[in-house]
Amino acid sequence: MSANEIPSREVARRVFADEFNDAAFTFKESDDDRAPVYLLLPTGAKANRVFFVGTLTEKDDVGEDNEYWRGRIVDPTGTFFVYAGQYQPEAASTLRDLEPPAYVAVVGKPRTYETDDGSVNVSVRPESIQIVDAATRDRWVVETAERTLDRIDAFDEEGNEYARMAREEYDLPIDRYKESTVSALEGLEESDGDELGLGDSGPADAGGNEPDADLQPEP
């Protein structure tokens, strides 16, 4: 690697909330202590980073000694929870300053937590949170639907290692994600942003911004 070459980061997978919240199995592909940890998506893909766009509906400082912000972000299929504290200063600052409701684009790493009853909760540790507009949200829904349907179409292909892992780890019918994806697309025809009081341009300070080019996943 040359001195000017920058190591590439893991692809940030587009995924809807319903599938993300069903994902509970994590794994490494190397014994190296610094090897990336992947979340196994039920449609048969690994995700070290995720990219989603939705509506921030709630935020709370749930920290005790230090600020630790929790954000509730809704897409057409369900809810993502993000947590940002002193180790994610930019994302924490954004959550602190934002007033819900607001359209936001998030890139971050999945995190799993096993509860006392043995169930697994999934959340996101955000690398970046950016204010966007309704058009950006709608494009994300369309593109995420395409990626989800591609994974479903490839699920039964011979040699699809991550689909094999998903069959072993999850007892979930794959058609449920096709149904929720179709519903998300149908919902776009009925929604223009006004139901949130945001209009087509999102919050007044959004400026119609796209997420930074560096954050664009799965080209």
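Okay, some housekeeping. Residues are numbered from 1 along each chain as its sequence is written. Since we're looking at a prediction, local features need pLDDT of at least 70 and side-chain atom pairs count only at pLDDT 80 or more, while totals for chains, interfaces and linings use all residues, and side-chain values use heavy atoms, with hydrogens and water left out.

So, how many salt bridges do we get? The count comes to 11, where a salt bridge is a side-chain nitrogen of Lys or Arg within 4 Å of a carboxyl oxygen of Asp or Glu. Let me walk you through some of them.

Arg 49 pairs up with Glu 127, and their closest N and O atoms sit 2.9 Å apart. Arg 49 is in strand 5 (residues 49-61) and Glu 127 is in strand 9 (residues 120-131), so this pair ties together parts that are 78 residues apart in sequence. Strands here are DSSP runs of E, at least two residues, and helices are runs of H or I, at least four, numbered from the N terminus.

Is Arg 49 buried or exposed? Buried, at 6% relative accessibility; the cut-offs are under 20% relative accessible area for buried, over 50% for exposed, and partly exposed in between, with a 1.4 Å probe and protein chains only. Glu 127 is partly exposed at 29%.

Next, Lys 59 and Glu 99, with closest N and O atoms 3.8 Å apart. Lys 59 belongs to strand 5, while Glu 99 is in the loop between helix 2 (89-97) and strand 8 (102-114), 40 residues apart. Lys 59 is buried at 18%, but Glu 99 is exposed at 57%.
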